Amino acid sequence: MHLMTLFLGLIFTISTLANPRDQLQVLTIEEPPFNFTNRAGELDGISVDAVKAIGHELGESIDIEQIPWVRAYQMAETLPGVVLFTAARIQERESSFYWIMPVVQNSWGFFSLPENQKTITSLQQLKNERAIGVLRGGAREAYLKRHGFNNLVAATTYLQLKKMLLKGRISMFFFAKSGLMELGADKGNAVCVASSYEVVPPPSYIIMSKVTDAETVKRWRHAAAIIRSNGTYKAIAEKWARQLSNECGATAVYRNGLLDFSNQ
(Lines give C-alpha, C1' and ligand atoms only; values in the text may rest on other atoms or scores of the structure.)
Protein backbone atom coordinates (compact mmCIF):
# COMPACT_ATOMS: atom_id res chain seq x y z
CA MET A 1 0.00 0.00 0.00
CA HIS A 2 2.86 2.35 0.89
CA LEU A 3 4.55 1.71 -2.47
CA MET A 4 1.28 2.31 -4.31
CA THR A 5 0.82 5.62 -2.49
CA LEU A 6 4.34 6.68 -3.45
CA PHE A 7 3.71 5.64 -7.06
CA LEU A 8 0.49 7.65 -7.31
CA GLY A 9 2.17 10.61 -5.68
CA LEU A 10 4.97 10.45 -8.22
CA ILE A 11 2.48 10.40 -11.10
CA PHE A 12 0.70 13.42 -9.63
CA THR A 13 3.97 15.32 -9.23
CA ILE A 14 5.06 14.60 -12.78
CA SER A 15 1.67 15.64 -14.19
CA THR A 16 1.66 18.92 -12.30
CA LEU A 17 5.21 19.72 -13.39
CA ALA A 18 4.53 18.87 -17.02
CA ASN A 19 5.46 21.65 -19.40
CA PRO A 20 2.28 23.77 -19.77
CA ARG A 21 3.09 24.57 -23.39
CA ASP A 22 2.45 20.89 -24.24
CA GLN A 23 -1.16 21.35 -23.13
CA LEU A 24 -2.01 24.41 -25.21
CA GLN A 25 -5.07 24.23 -27.41
CA VAL A 26 -4.88 26.74 -30.24
CA LEU A 27 -8.35 27.44 -31.64
CA THR A 28 -9.72 29.52 -34.47
CA ILE A 29 -12.95 29.94 -36.39
CA GLU A 30 -14.02 30.47 -39.99
CA GLU A 31 -13.68 34.25 -40.28
CA PRO A 32 -12.28 35.30 -43.64
CA PRO A 33 -10.00 37.00 -44.41
CA PHE A 34 -8.42 36.70 -40.96
CA ASN A 35 -8.70 32.94 -40.48
CA PHE A 36 -10.37 30.60 -42.95
CA THR A 37 -10.07 27.37 -44.94
CA ASN A 38 -8.61 28.07 -48.38
CA ARG A 39 -9.36 26.26 -51.64
CA ALA A 40 -6.66 23.69 -50.85
CA GLY A 41 -8.45 22.81 -47.61
CA GLU A 42 -5.76 24.42 -45.45
CA LEU A 43 -6.10 26.99 -42.68
CA ASP A 44 -5.06 30.36 -44.02
CA GLY A 45 -5.29 34.07 -43.30
CA ILE A 46 -3.35 36.88 -41.71
CA SER A 47 -4.12 35.72 -38.15
CA VAL A 48 -3.09 32.15 -38.96
CA ASP A 49 0.23 33.45 -40.33
CA ALA A 50 0.73 35.59 -37.22
CA VAL A 51 0.13 32.64 -34.86
CA LYS A 52 2.52 30.47 -36.87
CA ALA A 53 5.13 33.25 -36.70
CA ILE A 54 4.76 33.33 -32.91
CA GLY A 55 5.24 29.57 -32.85
CA HIS A 56 8.37 29.89 -35.00
CA GLU A 57 9.76 32.48 -32.59
CA LEU A 58 9.03 30.11 -29.70
CA GLY A 59 10.66 27.24 -31.56
CA GLU A 60 7.40 25.29 -31.49
CA SER A 61 5.09 23.81 -34.10
CA ILE A 62 1.60 25.17 -33.57
CA ASP A 63 -1.35 22.86 -34.21
CA ILE A 64 -4.47 24.91 -34.92
CA GLU A 65 -8.00 23.52 -34.61
CA GLN A 66 -10.96 25.23 -36.30
CA ILE A 67 -14.27 24.93 -34.43
CA PRO A 68 -17.50 26.98 -34.15
CA TRP A 69 -17.21 30.35 -32.41
CA VAL A 70 -19.56 29.70 -29.46
CA ARG A 71 -17.74 26.51 -28.49
CA ALA A 72 -14.28 28.07 -28.95
CA TYR A 73 -15.22 31.10 -26.87
CA GLN A 74 -16.63 28.97 -24.05
CA MET A 75 -13.43 26.92 -23.97
CA ALA A 76 -11.30 30.06 -23.84
CA GLU A 77 -13.44 31.41 -21.01
CA THR A 78 -13.26 28.31 -18.84
CA LEU A 79 -10.26 26.10 -19.64
CA PRO A 80 -6.54 26.64 -19.01
CA GLY A 81 -4.06 26.76 -21.87
CA VAL A 82 -6.45 27.88 -24.62
CA VAL A 83 -5.36 30.28 -27.36
CA LEU A 84 -8.14 31.74 -29.51
CA PHE A 85 -8.00 34.05 -32.50
CA THR A 86 -9.23 36.51 -33.44
CA ALA A 87 -11.43 38.35 -30.93
CA ALA A 88 -12.33 42.03 -30.82
CA ARG A 89 -11.20 43.69 -27.60
CA ILE A 90 -14.61 44.93 -26.54
CA GLN A 91 -15.43 46.15 -23.05
CA GLU A 92 -17.36 43.01 -22.08
CA ARG A 93 -14.30 40.81 -22.66
CA GLU A 94 -11.53 42.96 -21.21
CA SER A 95 -11.04 41.17 -17.89
CA SER A 96 -11.85 37.67 -19.15
CA PHE A 97 -8.71 36.96 -21.20
CA TYR A 98 -5.03 37.68 -21.65
CA TRP A 99 -4.60 39.86 -24.73
CA ILE A 100 -1.54 38.51 -26.53
CA MET A 101 -1.28 40.53 -29.73
CA PRO A 102 -3.44 42.87 -31.83
CA VAL A 103 -3.70 41.69 -35.43
CA VAL A 104 -6.27 43.73 -37.36
CA GLN A 105 -8.31 46.90 -37.15
CA ASN A 106 -11.68 46.08 -38.64
CA SER A 107 -14.67 48.14 -39.71
CA TRP A 108 -18.23 47.04 -38.95
CA GLY A 109 -21.13 48.02 -41.17
CA PHE A 110 -24.92 47.83 -41.32
CA PHE A 111 -25.66 46.23 -44.68
CA SER A 112 -28.99 46.18 -46.51
CA LEU A 113 -30.16 45.36 -50.02
CA PRO A 114 -29.25 48.30 -52.30
CA GLU A 115 -32.90 49.17 -52.98
CA ASN A 116 -33.47 49.48 -49.22
CA GLN A 117 -30.36 51.54 -48.41
CA LYS A 118 -31.05 54.46 -46.08
CA THR A 119 -29.25 57.58 -44.98
CA ILE A 120 -28.20 56.86 -41.40
CA THR A 121 -26.30 59.41 -39.31
CA SER A 122 -26.26 57.76 -35.88
CA LEU A 123 -26.62 54.47 -34.04
CA GLN A 124 -29.76 55.85 -32.40
CA GLN A 125 -31.57 55.90 -35.74
CA LEU A 126 -30.85 52.21 -36.25
CA LYS A 127 -32.77 51.28 -33.10
CA ASN A 128 -35.92 52.04 -35.09
CA GLU A 129 -35.15 49.39 -37.72
CA ARG A 130 -37.58 46.49 -37.87
CA ALA A 131 -34.92 43.79 -37.39
CA ILE A 132 -31.11 43.75 -37.58
CA GLY A 133 -29.25 40.47 -38.10
CA VAL A 134 -26.13 39.61 -36.10
CA LEU A 135 -23.96 36.55 -35.58
CA ARG A 136 -24.90 34.82 -32.33
CA GLY A 137 -22.44 35.23 -29.46
CA GLY A 138 -20.14 37.55 -31.39
CA ALA A 139 -18.62 40.92 -30.58
CA ARG A 140 -21.06 42.79 -32.82
CA GLU A 141 -24.06 41.35 -31.01
CA ALA A 142 -22.53 42.34 -27.65
CA TYR A 143 -21.72 45.83 -29.00
CA LEU A 144 -25.31 46.51 -30.07
CA LYS A 145 -26.79 45.10 -26.87
CA ARG A 146 -24.50 47.35 -24.85
CA HIS A 147 -25.84 50.30 -26.86
CA GLY A 148 -29.42 49.39 -26.01
CA PHE A 149 -30.57 47.60 -29.16
CA ASN A 150 -33.54 45.26 -28.71
CA ASN A 151 -34.33 44.65 -32.39
CA LEU A 152 -31.68 42.00 -33.02
CA VAL A 153 -32.13 38.65 -34.76
CA ALA A 154 -29.24 36.22 -34.19
CA ALA A 155 -27.91 33.68 -36.70
CA THR A 156 -25.00 31.26 -36.56
CA THR A 157 -23.50 31.95 -40.03
CA TYR A 158 -23.21 34.66 -42.64
CA LEU A 159 -25.20 32.49 -45.07
CA GLN A 160 -28.13 32.46 -42.64
CA LEU A 161 -27.98 36.26 -42.42
CA LYS A 162 -27.97 36.48 -46.22
CA LYS A 163 -31.04 34.25 -46.51
CA MET A 164 -32.90 36.22 -43.84
CA LEU A 165 -32.12 39.46 -45.65
CA LEU A 166 -33.31 38.12 -49.02
CA LYS A 167 -36.51 36.76 -47.48
CA GLY A 168 -37.22 40.03 -45.67
CA ARG A 169 -36.95 38.61 -42.15
CA ILE A 170 -34.38 41.32 -41.38
CA SER A 171 -33.97 44.77 -42.91
CA MET A 172 -30.19 44.76 -42.57
CA PHE A 173 -27.36 42.91 -40.89
CA PHE A 174 -24.36 44.08 -38.86
CA PHE A 175 -21.20 42.50 -40.19
CA ALA A 176 -17.46 42.97 -40.63
CA LYS A 177 -16.68 44.96 -43.75
CA SER A 178 -13.52 42.94 -44.39
CA GLY A 179 -15.33 39.62 -44.06
CA LEU A 180 -18.07 40.73 -46.45
CA MET A 181 -15.47 41.64 -49.08
CA GLU A 182 -13.87 38.22 -48.85
CA LEU A 183 -17.19 36.37 -48.93
CA GLY A 184 -18.26 38.45 -51.90
CA ALA A 185 -15.35 37.01 -53.88
CA ASP A 186 -17.15 33.65 -53.74
CA LYS A 187 -19.93 34.10 -56.29
CA GLY A 188 -21.86 31.19 -54.83
CA ASN A 189 -22.22 33.07 -51.54
CA ALA A 190 -22.35 36.62 -52.86
CA VAL A 191 -25.34 38.90 -52.52
CA CYS A 192 -25.25 42.56 -53.47
CA VAL A 193 -25.55 44.74 -50.36
CA ALA A 194 -24.93 48.37 -49.51
CA SER A 195 -23.62 49.86 -46.29
CA SER A 196 -25.82 52.42 -44.55
CA TYR A 197 -23.62 53.13 -41.54
CA GLU A 198 -20.21 52.01 -40.29
CA VAL A 199 -18.46 51.96 -36.92
CA VAL A 200 -14.82 51.33 -36.07
CA PRO A 201 -14.53 48.71 -33.29
CA PRO A 202 -11.54 47.98 -31.05
CA PRO A 203 -8.76 45.93 -32.71
CA SER A 204 -9.03 42.15 -32.97
CA TYR A 205 -6.50 40.11 -30.98
CA ILE A 206 -4.95 36.74 -30.42
CA ILE A 207 -6.15 35.94 -26.89
CA MET A 208 -5.36 33.38 -24.19
CA SER A 209 -7.55 31.96 -21.45
CA LYS A 210 -7.28 33.69 -18.09
CA VAL A 211 -6.56 30.49 -16.14
CA THR A 212 -3.41 29.81 -18.18
CA ASP A 213 -0.14 29.77 -16.20
CA ALA A 214 1.77 33.06 -16.10
CA GLU A 215 4.94 31.69 -17.70
CA THR A 216 3.11 30.57 -20.83
CA VAL A 217 1.39 33.93 -21.15
CA LYS A 218 4.73 35.71 -20.73
CA ARG A 219 6.41 33.58 -23.40
CA TRP A 220 3.65 34.15 -25.95
CA ARG A 221 3.52 37.89 -25.28
CA HIS A 222 7.30 38.12 -25.61
CA ALA A 223 7.30 36.21 -28.91
CA ALA A 224 4.45 38.39 -30.20
CA ALA A 225 6.37 41.53 -29.28
CA ILE A 226 9.40 40.26 -31.19
CA ILE A 227 7.55 39.56 -34.44
CA ARG A 228 5.96 43.01 -34.21
CA SER A 229 9.28 44.75 -33.64
CA ASN A 230 11.49 42.88 -36.10
CA GLY A 231 9.30 43.38 -39.17
CA THR A 232 7.90 39.84 -39.38
CA TYR A 233 4.32 40.85 -38.73
CA LYS A 234 4.59 43.91 -40.97
CA ALA A 235 5.65 41.64 -43.85
CA ILE A 236 2.69 39.32 -43.15
CA ALA A 237 0.23 42.23 -43.05
CA GLU A 238 1.54 43.82 -46.24
CA LYS A 239 1.40 40.45 -48.04
CA TRP A 240 -2.25 40.05 -47.11
CA ALA A 241 -3.09 43.64 -48.01
CA ARG A 242 -1.79 43.00 -51.54
CA GLN A 243 -3.49 39.62 -51.82
CA LEU A 244 -6.89 40.87 -50.67
CA SER A 245 -6.70 43.86 -52.98
CA ASN A 246 -5.95 41.60 -55.95
CA GLU A 247 -8.50 38.90 -55.13
CA CYS A 248 -11.54 40.78 -53.86
CA GLY A 249 -10.86 44.50 -54.03
CA ALA A 250 -10.46 44.94 -50.28
CA THR A 251 -8.74 48.13 -49.18
CA ALA A 252 -6.41 47.62 -46.22
CA VAL A 253 -3.13 49.16 -45.17
CA TYR A 254 -0.49 48.39 -42.55
CA ARG A 255 -0.87 51.21 -40.04
CA ASN A 256 -0.04 51.60 -36.35
CA GLY A 257 1.18 48.00 -36.17
CA LEU A 258 -2.06 46.54 -37.56
CA LEU A 259 -3.63 45.56 -40.86
CA ASP A 260 -6.24 48.31 -40.97
CA PHE A 261 -9.54 47.95 -42.87
CA SER A 262 -11.15 51.07 -41.40
CA ASN A 263 -9.95 53.55 -44.07
CA GLN A 264 -9.53 56.18 -41.39
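# Close-up views of the predicted model

**View A. E92, with a relative accessible area of 36%, is partly exposed.** Partly exposed lies between buried, which is under 20% relative accessible area, and exposed, which is over 50% (1.4 Å probe, protein chains only). The model is predicted: local features need pLDDT of at least 70 and side-chain atom pairs count only at pLDDT 80 or more, while totals for chains, interfaces and linings use all residues. Residues are numbered from 1 along each chain as its sequence is written, and side-chain values use heavy atoms, with hydrogens and water left out. E92 forms a salt bridge with R146, and the closest N and O atoms are 2.6 Å apart. Such a bridge requires a side-chain nitrogen of Lys or Arg within 4 Å of a carboxyl oxygen of Asp or Glu. The two partners belong to distant parts of the chain, 54 residues apart: R146 lies in helix α5, and E92 lies in the loop between β5 (82-88) and β6 (97-105). Helices (H or I, at least four residues) and strands (E, at least two) are DSSP runs, numbered from the N terminus. R146 is also partly exposed, at 34% relative accessibility.

**View B. A salt bridge joins the side chains of K118 and E129, at 2.7 Å from N to O.** K118 belongs to the loop between β7 (108-112) and α4 (123-126), and E129 to the loop between α4 and β8, so the pair ties together parts 11 residues apart in sequence. K118 is partly exposed, at 43% relative accessible area, whereas E129 is buried, at 9%. As a general principle, side chains of opposite charge can pair when their charged atoms come close.

**View C. β8, α5 and β9 form a right-handed β-α-β unit.** Right-handed means that, with the strands pointing away from the viewer, the path from the first strand over the helix to the second runs clockwise. Strand β8 (residues 132-135) runs parallel to strand β9 (residues 152-155), and 4 bridges join them. Two strands pair if DSSP finds at least two bridges between them. Within this pairing, A155 in β9 is the bridge partner of L135. In helix α5 (residues 139-146), the buried residues include A139, Y143 and L144. Just after α5, G148 adopts a positive phi of about 85°. β8 also pairs in the parallel sense with strand β10 (residues 172-176), over 2 bridges, where M172 in β10 stands opposite I132.

**View E. R255 and D260 meet through their side chains in a salt bridge of 3.2 Å, N to O.** R255 is partly exposed, at 28% relative accessibility, whereas D260 is buried, at 7% relative accessible area. D260 in β14 stands opposite Q105. β6 and strand β14 (residues 258-260) run parallel and are joined by 2 bridges.
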